[in-house]
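Here is a short briefing on one protein chain.

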Amino acid sequence: MHVAVLFAGVLHAALLNQVSGLHTIVGQYGEAIEVPCNKGNVRPEEVFIAKWKYTNADGSTGDLLVKSQGMNTTLSDNADYHSRISLTRDLSLRISQAKLVDQKIFTCMVVIGADIFEHPVQVTVQKAPSVPTITNQAIEAEIGKLTTLGECSTQNAYPAANITWYKNGVPLTADQTAVKLTAAVHEDRATGLLSTSSKLEYAAVKGDLNAKFTCAIHHKSLTSDLLSGPVTFIINYPTENISLLVTPAGTIKEGDNVTLKCKADGNPPPTGYSFHIKGKKVTVEKSDTYTLMDVTRASSGEYKCSLVGNDTMAASRNIVVTYLDIALVTRGKVQKYVGDRFEAAMLVSASGEAQISWSKNNAKLNGAPRFDKLKYSDSGVYECVATMAGLVKKASFELAVQGPAEISRLTKRRSDDGMLKVLSCEALGSPKPTVQWSINGTNATESAFVEGKVIHRITISPTVNLTVNCTVTNSLGQDTQSIAVSTLFDEVTMDKQAEQAESSREQTRLVVGVMVGLLLAAVAVGLTYWLYLKKTREGSWKTGEKEDGTLEESKKLEVKQNQKAEV
């Protein structure tokens with residue numbers, strides 16, 4: 001009673017009442033709200049009396065609690081707050097399990113000394129919305145017709161949430177023609193929380209096939225929007241165009257498999273098509289392809305596909321099958337005689353220009369084989385390769401140049417140690433010639449038979465001078481040649497005689513050379529002297545000297561020369 005009287009007296013007697021500016025805080029629904037007294041700038045030890053009260057939106061007021069210095073807090077009997085409020089050590093008002101009814105002005109009134117201070121605080125309560133969901137989804141939509149695609153909703157928010165629809169991430173704006181949006185907000189009478197829904201009506205276009213529709217929730221309690229999962233709808237529209245695809249798309253060659261694929265722009269697509277193959281219509285069900293196996297040049301032409309039961313809705317493509325054929329007039333094994341004329345002949349049949357190349361025994365040639373006069377070296381396997389647009393054709397023949405056996409060279413030489421004689425017989429011909437000698441020898445060797453040539457060698461040690469015959473034979477002829485072979489002693493003697501004769505000839509050539517040199521020297525001296533005399537006479541005449549003196553000198557010189565000649 002004493003405290004109440006004192007509080008009333010102070011309240012009515014205070015002359016320096018001060019009211020602080022309005023402060024606002026935001027609380028979250030269902031969580032605790034702490035309302036500070038003078039923004040927390042109060043020293044509890046200086047406060048004689050602290051009191052919390054509230055003011056409703058309609059202006060009605062009510063008390064919540066009072067605390068005097070040194071005494072416990074006294075709570076009011078307010079049914080809404082009696083069990084949910086408390087006073088903190090810094091005199092803040094703590095409200096647990098915040099509700100929407102807590103949105104009001106709470107005032108902290110403190111008595112400090114002889115002064116009374118009031119600190120009102122505006123409290124608002126928010127409730128974040130739930131994650132959006134799309135319900136009442138349509139299964140399919142028609143082109144150009146408004147269809148309810150779905151309804152996006154979010155529950156138990158405060159204040160009410162806003163909803164935006166998106167197509168492929170782009171916001172949809174209502175125009176009442178192609179897009180119509182209908183929003184609704186429903187309040188929970190028990191809690192006052194609000195649920196928001198938005199119905200989307202949409203007129204689809206062809207481009208909406210596989211389009212993803214989503215909705216997003218915007219709310220002041222959220223730092224970012226809440227997004228729904230994407231939904232798609234079946235867009236139905238009739239076929240307006242049809243196309244025919246051909247695989248492979250590039251060059252088609254004989255032997256290829258060609259696939260025809262029919263494609264229509266309607267949705268759902270047709271379940272089957274009719275393919276027109278060389279005047280014959282083939283209908284396929286549950287497929288859009290038809291395959292031509294192992295095509296030939298006869299497969300070239302126009303191909304069509306159409307809708308089943310509607311041949312006017314069709315598409316066509318012209319197919320050209322490339323081909324390449326080659327044929328050699330000369331085939332297999334060709335036998336010709338050495339010296340004959342020969343030219344390979346080939347026929348080419350192709351849908352375009354083919355590239356032709358020739359080779360002999362896998363070695364590239366500059367052109368087709370053509371010979372005015374065949375040689376044994378012209379024998380071999382000739383191959384022609386024709387290419388065009390990925391096609392490759394080959395043909396080959398074997399040319400065998402034949403001729404009678406003949407000896408092209410018969411030679412002799414000493415062995416490397418000088419003790420034996422080595423005889424060589426080189427034979428030409430085809431088939432391969434056989435070689436026989438008229439004498440038995442040792443170390444008989446035979447070279448490989450290449451380009452119609454074989455070389456046969458034997459080693460002998462003759463004790464007397466003799467004549468050796470080499471005979472070569474094949475099925476077309478025979479040839480024999482002889483070579484004189486002397487003993488090693490005679491050959492050495494003949495070599496010495498030849499060396500002596502050569503030495504004598506060298507000496508004779510030397511003597512003759514010396515004599516010729518002397519003769520040429522004498523001629524040179526006489527010519528020089530004659531030139532000197534001539535020059536001397538010309539100089540005397542020019543200077544006016546007497547001819548007598550000159551003649552006398554000449555006579556003296558002639559006498560001296562005659563004396564030398566006599567000696």
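A disulfide here is a pair of cysteine sulfur atoms within 2.5 Å. The model is predicted. By that criterion, the whole structure holds 4 disulfides. Counting bonded cysteines along the chain, their pattern is 1-2, 3-4, 5-6, 7-8.

**Disulfides**
- C37 and C108 are joined, S to S 2.0 Å. C37 sits in the loop between β3 (33-35) and β4, and C108 in strand β9 (residues 105-112), 71 residues apart. The S-S torsion is about -70 degrees, so this disulfide is left-handed. C37 and C108 are buried.
- C152 bonds to C215, also with S to S 2.0 Å. The torsion of about 75 degrees makes this disulfide right-handed. C152 is in strand β13 (residues 147-157) and C215 in strand β18 (residues 213-218), so the link ties parts 63 residues apart in sequence. Both cysteines are buried.
- C425 pairs with C470 at S to S 2.0 Å. The link is left-handed, with -95 degrees about the S-S bond. Strands β39 (residues 421-430) and β43 (residues 466-474) carry C425 and C470, 45 residues apart. Both are buried.

**Sheet**
- Three strands form an open antiparallel sheet, ordered β21-β23-β26.
- β21 (242-247) and β26 (289-292) are the edges; each has a single partner strand, so one side of each lacks a neighbour in the sheet.
- β21 and β23 (residues 258-264) are joined by 6 bridges. I242 has A264 as its bridge partner in β23.

**Largest pocket**
- β4 (49-55) and β5 (61-68) each supply at least two lining residues.
- The lining comprises 7 nonpolar, 5 polar and 3 charged residues.

Definitions and conventions: Residues are numbered from 1 along each chain as its sequence is written. This is a predicted model: local features need pLDDT of at least 70, side-chain atom pairs count only at pLDDT 80 or more; totals for chains, interfaces and linings use all residues. Side-chain values use heavy atoms; hydrogens and water are left out. Helices (H or I, at least four residues) and strands (E, at least two) are DSSP runs, numbered from the N terminus. Ala, Val, Leu, Ile, Met, Phe, Trp, Tyr, Cys and Pro count as nonpolar, Asp, Glu, Lys and Arg as charged, and the others, Gly among them, as polar. Two strands pair if DSSP finds at least two bridges between them. Buried means under 20% relative accessible area, exposed over 50%, partly exposed in between (1.4 Å probe, protein chains only).
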